[in-house]
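Take them in order, with the viewer open.

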Amino acid sequence: MQKGYLYKRDKIKKKKNNLLYKVMVFLMIMLVSISSALEYSNAEGNIKDGYYKVPIVLMKKYDDEESMGNNALKKYAIVEVSNGKVKMKVRFLPLQFMGFTGYLSNLQVKDRELKILSRYDNYDVYNDPTNGKDEKCKGVKYPKDMEFNLTTDESIISVKVYVPVMAELGSGEQEARLKIDWPKDFEKARIQKNDFNSLDDSNEAVATTSPEENKNEILDIGEDNSYKDNRKLPELEKGEKLNLKDGFYELQVSLYHERENKPSMGNASMVNKANILSKNGKYYMIIASNKMTVQNITASLVSFQVRDDKEYYHFAKPYAYDLEIPGESEKRPRVFEFEISRKDPMIYVKVDPKVKPMGEVPIGARLNIDWSSLKQIDESKAELYEIKKKGTPKKIFNPNDSIDRTNDGIRYRAPKGTFTRNVRFKSDKIFGGKEYLDTVKKLGRNTKFDIYSFVAEDDFGKVQKNQKPITITIKKDKLAATPIRARYIDDLSEIPVSIKGNDVSFELQRLGKIAIIYSENNSSGNIAGAPTSKTKKNNTQSSRGKNSSSSKKMDKTRKGNSKNSSSKSRGKEKGESNTKADSNAKSPITTLTNDNKDFNNSLEENDELNEKAPDNRNAENARAQENLKIIFFGIIAIIMSIAAATYVYINVGKKLLYEIDLSKKLKKNMDKGDII
């Protein structure tokens, strides 16, 4: 009898434990579901209809670096959300280099249609209806604004662009990736209109990385003329070891794209014939460079690098400095020599033609070697070897010599002892990005200026610091206007400027990025962060001016407040016009357009430079909407909890209560001795 009771008691306990376990699991599932629903509702799954400003970058197809076409792309897109459908509008900008303006003529987005919304109203040497040089775009105006569909879970989209000026270099069609930086909070990215020109009140800046910065991150050039490139490239086929008699040989070569089976852009500057010198079991390949001209741009190779089996790049030795390039006082090499040991069909190389539209960073490529064309020749017919032997040797650098050189039309003068090794000067104009926007904040939105970057590199591309001041001279007609001063953009320290006739000279204590200022319109009279040397009298006058201007502003504010308070009962339309007028009075804006005539101005994107504070009303509305969301989902959570509790009570609770009641009755009967 006792045994039967214990069995029933254990059975009841197990049922109770199982029921409690089920109840706990059910409640946990419900809680997780509710939290997931809340999280999803606050994420991008519930984006409201409207327009949003979203940063974008055009990246290389294979590497996590900016594409050369990125400067032709507006740094952000306008995303339209309507009834769950998402569209992205992008704007392309003209590219200007060395006096020539180039355009993108076509964009393809993988697996979707693209709608052209507007075009640039002009023709050039490529798309002219009568004399256009490029058949693909002849008679067709260049696109400006384009639109395509997408989803918010796409952050990388494959695209293909076609640029006529690149086609003249041998590779107009380029595959790339459009990288989309979706905002974490879409409400903060909301804008009012689907129009790039209406974004003057946006204070978001898109930070970009220049090719030079990418170069410095990737390359670590040592004193031994080699460096390792951390990019992972596909393995290339290895050929058999060379086994040639001493003597001279000739074979055909060409420059191919680094990953794709087509000629590289640098192939136009290559001589498609190479020599091999075999001597004492070692083999030296000699390749040559020609001058190439695109529009008014003439260039040639200034360096040639070869990759070994350990992923290190080695600079080939340059010879025969006889190539003259317009705008450069120094001549460039005609031939390069490097050691080779196998009959590899292709080897990884890097070429640097120093062509502005191709960028200032060496271009990755593959040297395609046709070993079937290999033949032995007499020394007299080894043309490239003869050029190497008889060409002008490279001038040996003497640190005790002064420097007076011209590169890209800019003259550089440095006294003796400025550098310890030979250098090449480089200049770049900075059109946008974080540094540009930071400089705008320091100098003021109404200050007109250009930013130039000046760098000195040795023969291996390593940046060198100047030990003494360098004088840089630019022709006045090459600048946007006559400069009134110049400053370093990092600390805003003053740079001496002198103007003689058509020559504008800057004395740089250190090479770097400088702002050439053409006009200033600062209400405060001082540039934020700039060193000042004003006298006490000037400071007093400035202080008085500030105080008087402040009091005037306060008076205007009081009058404005009294007017606003007295006109609250007026019509809505009139009130809106007053608000706009007040806004314009408080924040005067210099509008910079994306006019295709002048790319320098088109890239000074005023819509990225405005520093207005967020509207308090918008912030309050956003917080109110967030509170409503929280209340709404809180009510849903409570309702779901009540429903879950009801379900548990009906399906589980009643049984559990019955079992508990039965257990009590059995115990009571057992105590009385009624259990049989």
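This is a predicted model: local features need pLDDT of at least 70, side-chain atom pairs count only at pLDDT 80 or more; totals for chains, interfaces and linings use all residues.

1. Let's start with a helix and its surroundings.

2. Which residues of α5 are the buried ones? The helix spans residues 434-443, and Tyr 436, Leu 437, Thr 439, Val 440 and Leu 443 are buried. They sit on the same side of α5, because the arc they cover around the axis is only 160°. The general rule behind this is that an α-helix has 3.6 residues a turn, so residues three or four places apart point the same way.

3. If you want a spot to look at, find Ser 453, which stands opposite Lys 513 in β33.

4. Strand β18 deserves a look of its own. It runs over residues 303-307, and five of its five residues are buried. In a regular strand the side chains alternate between the two faces of the sheet. For β18, both faces are covered: Ser 303, Gln 305 and Arg 307 are buried on one side, and Phe 304 and Val 306 are buried on the other.

5. Which strands does β18 bridge to? One is β22 (residues 346-352), joined to β18 by four bridges and running antiparallel to it; here Phe 304 stands opposite Val 351. Another is β19 (residues 312-315), also antiparallel, with three bridges to β18. On that side, Gln 305 has Phe 315 as its bridge partner. β18 and β19 make a hairpin with four residues between them, and Glu 311 in the turn has a positive phi of about 70°.

6. Next, the empty space inside. Rolling a probe the size of a water molecule over the atoms shows where empty space is left. How many cavities of 30 Å³ or more are there in the whole structure? The search finds three. The second largest cavity holds about 50 Å³ of space, and its lining consists of Leu 58, Leu 73, Val 90, Phe 92, Leu 107, Phe 148, Val 159 and Leu 178.

7. Finally, step back to the chain as a whole. Its secondary structure comes to nine helices and 33 strands. There are 676 residues, and 42% of them count as buried. Among contacts with a separation of 6 or more, 69% are between residues 24 or more positions apart. The chain exposes about 38100 Å², with carbon and sulfur atoms supplying 50% of that area.

Definitions and conventions
Residues are numbered from 1 along each chain as its sequence is written. Side-chain values use heavy atoms; hydrogens and water are left out. Helices (H or I, at least four residues) and strands (E, at least two) are DSSP runs, numbered from the N terminus. Buried means under 20% relative accessible area, exposed over 50%, partly exposed in between (1.4 Å probe, protein chains only). Contact means heavy atoms within 4.5 Å. Accessible areas come from the Shrake-Rupley method with a 1.4 Å probe; for residues, only the protein chains shown count as cover. Two strands pair if DSSP finds at least two bridges between them. The arc is that of the directions from the helix axis to the C-beta atoms. On a 1 Å grid over the protein atoms alone, a cavity is a set of points where a 1.4 Å probe fits but cannot get out, and a pocket is an open set with protein on both sides within 12 Å along at least five of seven lines; lining residues have an atom within 4 Å of a point. Grid points are joined across faces, edges and corners, and a volume is the space filled by probe spheres set on the points.
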